[in-house]
Amino acid sequence: MLLLHLDMSNPMESMFISHRESHIRTFAPIFMMTFCLGICMISMPLVSFAQSGQEGSSEASASTLSTEPATGQVTAQVTAQIFELEETIQLALEQSPLSRAAKYSLVASQYRYKSFRADLLPSLDLSGDVPNYNRRLSTRLADDGSTQFIATKQSNASLELGVNQNLLWTGGTVSIASGMTRLGIFSDENTYLWSSTPLVVSYRQPLFQYNALKWRNRLEPLRLTIAEKQYVEELEDLSFTVTQRYFDVLLAKINLDIAQTNVAVNDSIYNISRGRFNIGTIAENDLLQSELALRNAETNLTSSQIQYDQQIKNFRLLLGLPADADFDVSIPEQLPRLDVTADKALAMAQQNNSTSLNNALQEIDARRQLEQAVRQSTFSANIIANVGFNQTAEDINDVYNDPLDQQFITLGFDIPIFNWGKARAEIQSARNVQREVADEIAYSQAQFELAVQNTVMEFLQLERQLEIAAQSDTIALRRYQVARNRYLIGNIDITNLLIAQNERDSAKRAYIQALRTYWLGVYNLRRLTLYDFEIQAPITYELEL
C-alpha cells in the first residue's frame, strides 16, 4: 500500500491525492466484470484478462516489475533500494565524479589566489654558484710585447641571501642582500681571495611601463569570487542533471510497467478473441488484430527493458554508485512551494550568478590589454640604484673588517623611433577589442536577463500544466476501464479497446513528462539565481576537502 504524506491545504497536493484515489476507485468494476465472465464459455481467459487489467492499474507501485517476453509472467523484486529525488541529488553532491571535479576546480582557484597574494609579500631567496671550476689556456702579454699562452686553473664560489619586496602601486622592487665570494687560483702556490658584501640595498623602478602587478591586484580577487560562484553553479547544474536523469529512469520504468501490463492484457484479449472466433461471434480480422497487438506488445516489452537497463546504468554512473548497486526510483509525491516573481528572480540572478562578475572581469581585462599596448609602444626607462658595503681579503677572518662603502646608480631608457606602424597597430587592435568586449557584454547581459524572465514566466505555468496532465491521466484510465468492461460484454470491438489502451498509456507518459518538466523548472530557477525560493535564502555549499 502506498502512503501519501501530503498537505491537504495545498491545492496542488490535493489534486495528487484525488488523482491517486481515482485510480483506486476504477478497480471496483473488476469484481462485477469477473461475475459476468462466469457465464461465458471462455471464463478462464476472461478472468486472466481482468487480473492483468488490475495489475496494469498499479503502475506507480514502489517495487520493480520484470516480465519474461515469452510468457508475460510478472514477478516483483522488492530487494532494490527505493531512492527519492532529493536523496539522489544529495548522493550525487557527495560522491559524484562531477561533484569532486567542481571541488578540485575551486581548490585550484583558491591556490592560484594564494600564489598571487604571496607575490605581494617579501620573499627570502638564497642563490649561489658552488663550485664554479675553470681550467683553460689563456693569453698573457709578456714584458717584451709578445703574447704567451699559459694554463690557468681557478674556481669561483659565491653565495647570496636576499630579501625582495615588490611594490604594488609603483611596480618597483626593493631588495636587501648579503653575500660572499671566494676566488681560488691554482698554480705552483694556491691563492685564495675572499670578497664580501655585508649589506646591499637595491631599488629598481620601471618608468612609464606597464604595471602587471597592479592589474593582477584588480583581477585576481574577482577571479576568486567568480570561482566561488561557479562552484555553487556547477553543483546546481549537477542537481539539474540528476533531476533529468532521475525522470529518465522513472519514465523508462513507467514504460516498462506499461509494456509488461500490455503483454498480459493483450495475451488475455487474444485468448478471448480465439474463444469468440471458435464460436463464430467475431470475424477472423478481429482475431488477427488482437494477435498483432500481442506481438507488438511483446516487442515493446523487449525494447522497454533495454531502455530501462541503459537508463539505470547511466544514472548509477552519474551518482558514483558501484556497478552492482541495486536501486529503483519512485514518483515524487510532494511538490516544492515556490514564491517567485520575475523581478525578485532577476535581482537574485544579478546578485548571485557569476555572469555579471564575468562581464566585469572581461571589461577590466580589456582595459588592461589596452594599457599594456600603449605602454609598450612609448618611451620607457628603468632606474636601478644600490648602496651598501663590501670588502676583500686573503683570509676569510678579515673579510668583514672595515667594510668599504659602495654606490651604484644607472638610468636605462628605450625609445622606439620607427617600427613601420607596429605600435600604432597594436594600440588600435587593443582599443577595438575593448569596444568588441563592451558590445558583447551588453548583449550577453541582456540575454541573461531575458532568460531569467522567460524561465520565471514558464515556471508559473507549469503547475497548471501538471494539474491538467494529472486530470487527463485519470480520465484516460477511467475511459480504458469502461472500454474494457464494454468489450468483455461485447458492446465494442477490439479496435476501440486498443485505442483506449493507447490513450491510457499516452496519458500516463504525459503525466510523468509534465512532472519532470515541473521539477526541472524548479532546479533551473535555482541554478540561474543561486537562490532557494522555497526557504527564501541564497544557496551556499561548504567546501569539504
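Predicted model: local features only at pLDDT ≥ 70, side-chain atom pairs only at ≥ 80, totals over all residues.

Reader: Which class does Phe208 fall into?

Author: Phe208 has a relative accessible area of 48%, so Phe208 is partly exposed.

Reader: How is the pair of Phe208 and Phe379 described by its ring centres and planes?

Author: Ring planes between the stacked and edge-to-face limits, 30 and 60 degrees, count as tilted. By this rule the count comes to 9 aromatic pairs. For Phe208 and Phe379 the centres are 5.6 Å apart and the planes stand at 50°, so the pair is tilted. Phe208 is in the loop between β8 and α6, and Phe379 in the loop between α9 and β10, so the pair ties together parts that are 171 residues apart in sequence.

Reader: What kind of pair do Trp519 and Tyr523 form?

Author: A stacked one, with 6.4 Å centre to centre and 25° between the planes. Trp519 and Tyr523 are 4 residues apart in helix α11, so about one helical turn separates them. Both Trp519 and Tyr523 are buried.

Reader: Which residues form an aromatic cluster?

Author: Phe83, Tyr246, Phe247, Phe315 and Phe327 form one.

Reader: Where does the charged end of Arg218 sit?

Author: Over the ring of Trp215, 4.4 Å from the ring centre. Arg504 likewise lies over the face of Tyr480, at 4.3 Å from the ring centre.

Reader: How do the axes of α7 and α11 cross?

Author: The axes of α7 (residues 284–319) and α11 (residues 494–529) come within 10 Å and cross at roughly 25°. That makes α7 roughly parallel to α11, because angles under 35 degrees count as roughly parallel. Asp286, Gln289, Ser290 and Ala293 in α7 meet Ile494, Thr495 and Leu498 in α11. The residues of this contact divide into 3 nonpolar, 3 polar and 1 charged.

Reader: Is Asn359 buried or exposed?

Author: Asn359, in helix α9 (residues 354–376), has 7% relative accessibility and so counts as buried. Leaving aside residues up to four places away in sequence, Asn359 touches Ile441, Ser444 and Gln445.

Reader: What does Asn386 touch?

Author: With residues up to four places away in sequence left out, Asn386 touches Val200, Val201, Ser202, Gln406, Gln407 and Phe408. Asn386 is in strand β10 (residues 380–393), and at 19% relative accessibility Asn386 counts as buried, because the limit is under 20%.

How values were computed. Residues numbered from 1 in each chain as written. Heavy atoms only, no water. Helix = DSSP H or I, 4+ residues; strand = E, 2+ residues; numbered from the N terminus. Buried < 20%, exposed > 50% of the residue type's maximum accessible area, 1.4 Å probe, protein only. Contact = heavy atoms within 4.5 Å. Axes fitted to C-alpha atoms, helices over the stretch in contact; angles between N-to-C directions. Parallel < 35°, antiparallel > 145°, perpendicular 65-115°, else oblique. Nonpolar A, V, L, I, M, F, W, Y, C, P; charged D, E, K, R; others polar. Phe/Tyr/Trp six-rings, centres within 6.5 Å; stacked < 30°, edge-to-face > 60°. Lys NZ or Arg CZ within 6 Å of the ring centre and 35° of its normal.
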